[in-house]
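The following exercises are meant for a reader who is meeting this structure for the first time. Each one sets a task and then works through a solution step by step.

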Amino acid sequence: MSADTAPPHVLLLGGTTEGRRLAEALAGGPYRVTTSLAGRVARPVLPPGEVRIGGFGGAAGLAAWVRGHGVSAVVDATHPFAGRMSFNAAQGAADAGVPLLALRRPGWSAGPGDRWHRVPDLGAAADALPSLGSRVFLTTGRTGLAAFAGLDGLWFLVRSVDAPSPPVPGRLDVLLARGPFSLESERELLRAHRIDVLVTKDSGGSATAPKLVAAREAGIPVVVVDRPGVPVGVPLVESVGAAVGWLAEAVG
Ligand code: NAP
């Protein structure tokens, strides 16, 4: 196939449900889609299309990959908290001269009965904890636990897909699990571990939202870590359908 007749090549930076859904939506054409995964999870759920695994080597490496593989557009569907990758995507796509879109699921909002404390980062979450509770359900993932390592007076239940590595809090139990989680199981987990404060990132989506409902029902305060935000100038959509529409405009 000549370069003129080859389907436009879309690089999809994934690692999220939205990324996988977009790959599924694009599987019928008219694009060649390569999903890129960081390689953090031992057994990732693979999307349709081509898959590459591992870092690019910063923004320059991503730009080189884009040029070398004839990529026409990049969609950054990484997790709202994968801030470094999103920054690299903005820089790398600009350097390579290809359009870039950010796809992010909407964040969560507090409703009646919620006792939420919004904080800008994990360090601020750790600062807030001692005044809120002593038995913490920490659901911010296995990285970044160093921020909580100095809180010796508190006990932590850490839930993550893969096991965390040090530094971690001195008093902790680790629960290895991958969402989605049901409301019933979240209620039972809070009760069984006598949790009195929950920490979460504002990840959005439905797969891990039941813990927020369970916390509301139990009157438990929730420390919500705000998103770092999409790099300036990068267009943002919140649905797979909107991303498909953007691609049709940009390169279809
Ligand atoms: P990060 O801090 O923003 O990225 C660190 C480095 O990992 C990047 O500089 C890049 O390495 C590499 N990387 C990240 N995403 C990549 C991708 N899709 N393809 C190729 N390389 C990638 O990211 P993170 O927070 O460690 O998250 C890593 C991955 O896990 C992301 O793909 C994200 O979607 C997924 N994830 C993250 C979270 C979270 O809470 N942060 C939750 C669920 C899933 P190079 O500089 O070498 O290119």
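**Exercise 1.** Determine which residues of helix α7 are buried, and how they are arranged about the helix axis.

*Solution.* In this predicted model, helix α7 covers residues 240-250, and its buried residues are Ala243, Trp246 and Leu247. Viewed down the axis of α7, these buried residues fall within an arc of 100 degrees, so they line one face of the helix. The next step is to look at the face turned away from the buried side of α7, which carries the exposed residues Gly241 and Glu249. Finally, the packing partners of the buried residues of α7 are β1, α1 (17-26), β4, β5 (100-103) and β12 (236-237).

**Exercise 2.** Identify the buried residues of helix α2, state what covers them, and find an exposed residue in the helix.

*Solution.* Helix α2 spans residues 58-68, and its buried residues are Ala59, Gly61, Leu62, Ala63, Trp65 and Val66. Their cover includes the strands β1 (9-13), β2 (32-37), β3 (50-53) and β4 (71-76), together with helix α3 (83-96). Ala60 also belongs to α2. Its relative accessible area is 59%; the cut-off for exposed is over 50%, so Ala60 counts as exposed. The C-alpha atoms of Ala60 and Val168 are 33 Å apart in space, and the two residues are 108 apart in sequence. After α2 comes Gly70, with a positive phi near 60 degrees.

**Exercise 3.** Classify the aromatic pairs of the structure as stacked, tilted or edge-to-face.

*Solution.* There are 2 aromatic pairs to examine. In the pair of Phe56 and Trp65, the ring centres are 5.9 Å apart and the planes stand at 75 degrees; planes over 60 degrees apart count as edge-to-face, so this pair is edge-to-face. The pair of Phe148 and Phe156 is also edge-to-face, with 6.0 Å from centre to centre and 65 degrees between the planes. As for burial, Phe56 has a relative accessible area of 15% and is buried, Trp65 is buried at 16%, and both Phe148 and Phe156 are buried.

A ring may also be examined for a charge placed over it. The charged end of Arg52 sits over the ring of Phe56, 3.9 Å from the ring centre. Likewise, the charged end of Arg159 sits over the ring of Phe181, at 3.6 Å from its centre.

**Exercise 4.** State how many residues surround the ligand, and describe polar atoms placed by its oxygen atoms.

*Solution.* The ligand is surrounded by 22 residues, of which the closest are Ser36, Arg40, Phe56, His79 and Met85. From the backbone, an N or O atom of Gly57 lies 2.9 Å from a ligand oxygen atom, and a polar atom of Gly83 is 3.4 Å from a ligand oxygen atom. From a side chain, an N or O atom of Asn88 is 3.2 Å from an oxygen atom of the ligand.

**Exercise 5.** Decide whether Arg105 and Asp114 are buried or exposed, and name the polar partners of their side chains.

*Solution.* Arg105 is found in the loop between β5 and β6 (116-119), and Asp114 lies in the loop between β5 and β6 as well. The cut-off for buried is under 20% relative accessible area. At 14%, Arg105 is therefore buried; at 16%, Asp114 is therefore buried.

The side chain of Arg105 makes a polar contact of 3.0 Å with the side chain of Glu18. Beyond four places in sequence, the residues that Arg105 touches include Thr16, Thr17, His79, Arg227 and Glu238.

A polar atom of the Asp114 side chain lies 2.7 Å from the backbone nitrogen of Gly111. The side chain of Asp114 also makes a polar contact with that of Arg216, at 2.9 Å. Leaving aside neighbours within four places in sequence, Asp114 is in contact with Leu212 and Arg216.

**Exercise 6.** Locate the cis peptide bonds that join Gly29 to Pro30 and Pro166 to Pro167.

*Solution.* The bond between Gly29 and Pro30 has an omega of about 5 degrees, and Pro30 lies in the loop between α1 and β2. For Pro166 and Pro167, omega is about 0 degrees; Pro167 is in the loop between β8 (155-160) and β9 (172-176).

Definitions and conventions:
Residues numbered from 1 in each chain as written. Predicted model: local features only at pLDDT ≥ 70, side-chain atom pairs only at ≥ 80, totals over all residues. Heavy atoms only, no water. Buried < 20%, exposed > 50% of the residue type's maximum accessible area, 1.4 Å probe, protein only. Helix = DSSP H or I, 4+ residues; strand = E, 2+ residues; numbered from the N terminus. Contact = heavy atoms within 4.5 Å. Arc of directions from axis to C-beta. Phe/Tyr/Trp six-rings, centres within 6.5 Å; stacked < 30°, edge-to-face > 60°. Lys NZ or Arg CZ within 6 Å of the ring centre and 35° of its normal. Near = heavy atom within 4 Å. Polar contact = N/O pair within 3.5 Å; in protein donor to acceptor, adjacent residues only side chain to side chain.
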